[in-house]
Amino acid sequence: MADDLTPRDEAATAAEAAPATETVPATATPVEETPVPTEAAETPNKTYKNQGIVDFIFLVDVTGSMGPCINALRENINKFIDMMVDSTGNGSSVTDWRGRVVGYRDYEYDKDTSYGWLVDNPFTRDVTVLRQQLAALTPKGGGPGAEGIPESLLDAMMTVAAAGAIDLQAGESDENTVKWRPRGRCARVVIVFTDATYHPTMSIPGYEGAGVKDLYNVFLQEGIKPYFFVPGDPSFIPLGRFNGANISQCGGGQDGLLSITKDEASFQKLLAMLARGVTETATKMEREIL
């Protein structure tokens with residue numbers, strides 16, 4: 001897998017600050033971010049405004065061993081939302097959010113099954129609906145053999161990143177849609193939970209053979225910030241170099257993530273860290289002056 005993640009969009013530069021290192025549960029080890037090499041480019045005029053507006057996606061591995069993680073998310077999603085919108089903490093709170101749950105498996109192995117490789121849902125502002133989306137995730141499938149084998153994470157990340165934006169001028173609604181709100185009007189966040197590694201190239205139609213660098217460029221162009229809660233496998237290091245990425249590697253293999261999700265106190269600390277990060281992303285969103 002290529003680590004040479006050079007953006008094609010010269011208007012976006014590495015001058016955009018990486019997030020500050022955050023405290024994570026003892027079982028989750030944050031990976032130090034490595035600056036992404038880029039050519040010098042003129043930085044567009046920007047202004048910063050405490051918007052407090054965010055679209056976020058929980059992108060969850062739904063193969064067999066992920067049941068405890070899914071259950072923990074469902075049981076604690078209300079607390080996550082409460083922490084994200086809490087105005088009593090440091091900084092400005094989130095004032096307008098939409099969330100969406102997407103589950104993924106292995107494209108080649110699961111695409112022709114009755115349950116499919118991708119479990120898709122629209123954005124919602126209703127915590128009860130988010131819980132229902134999580135509850136509907138059924139851990140099954142994945143490639144043959146033991147758990148922890150590669151899954152189609154890159155395909156799933158590309159699918160949600162390339163979903164497009166709502167056309168406000170055309171009168172499109174932001175209800176019951178998989179499209180993002182327009183860039184510049186809200187922050188965009190994708191939150192990944194998996195206990196497996198991933199295939200180094202994609203298989204979905206239109207992106208066959210694409211890899212991490214191609215995905216990096218799309219995330220950069222679409223202004224999407226990724227959070228990763230993943231195994232301690234070196235294959236995830238290039239994903240941690242995405243612009244603004246925050247990655248926590250939770251031990252080796254599936255046991256690391258499992259140990260956090262089964263420990264309620266540890267999982268709540270993880271969600272508190274995540275809520276603070278999403279809030280900071282939403283309230284310090286930058287807007288370009290065109």
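This is a predicted model: local features need pLDDT of at least 70, side-chain atom pairs count only at pLDDT 80 or more; totals for chains, interfaces and linings use all residues.
Biologist: OK. How many salt bridges does the count come to by this rule?

Modeller: The count is 12 salt bridges.

Biologist: What does the side chain of arginine 98 meet in a salt bridge?

Modeller: Aspartate 55, with N to O at 2.7 Å. The pair links distant parts of the chain. Arginine 98 is in strand 4 (residues 96-104), aspartate 55 is in strand 3 (residues 53-61), and they are 43 residues apart.

Biologist: Why does arginine 98 count as buried?

Modeller: Because its relative accessibility is 1%, and buried means under 20%. Aspartate 55 is buried too, at 0% relative accessible area.

Biologist: And arginine 181, what does its side chain meet?

Modeller: Aspartate 96, in a salt bridge of 2.8 Å, N to O. This pair also links distant parts of the chain, 85 residues apart. Arginine 181 sits in the loop between helix 4 (153-161) and strand 6 (187-193), and aspartate 96 is in strand 4. Arginine 181 is buried at 8% relative accessible area, while aspartate 96 is partly exposed at 22%.

Biologist: Which residues do shared partners join into one network?

Modeller: Asp55, Asp96, Arg98, Arg125, Asp174, Glu175 and Arg181, through their salt bridges.

Biologist: Switching topic. Helix 7: how many of its residues are buried?

Modeller: 14 of its 20 residues, so helix 7 is mostly covered.

Biologist: And how far does helix 7 reach?

Modeller: Helix 7 (residues 264-283) spans 28 Å from its first C-alpha to its last, close to the 28 Å expected.

Technical notes:
Residues are numbered from 1 along each chain as its sequence is written. Side-chain values use heavy atoms; hydrogens and water are left out. Helices (H or I, at least four residues) and strands (E, at least two) are DSSP runs, numbered from the N terminus. The expected span of a helix is 1.5 Å times one less than its number of residues. Buried means under 20% relative accessible area, exposed over 50%, partly exposed in between (1.4 Å probe, protein chains only). A salt bridge is a side-chain nitrogen of Lys or Arg within 4 Å of a carboxyl oxygen of Asp or Glu.
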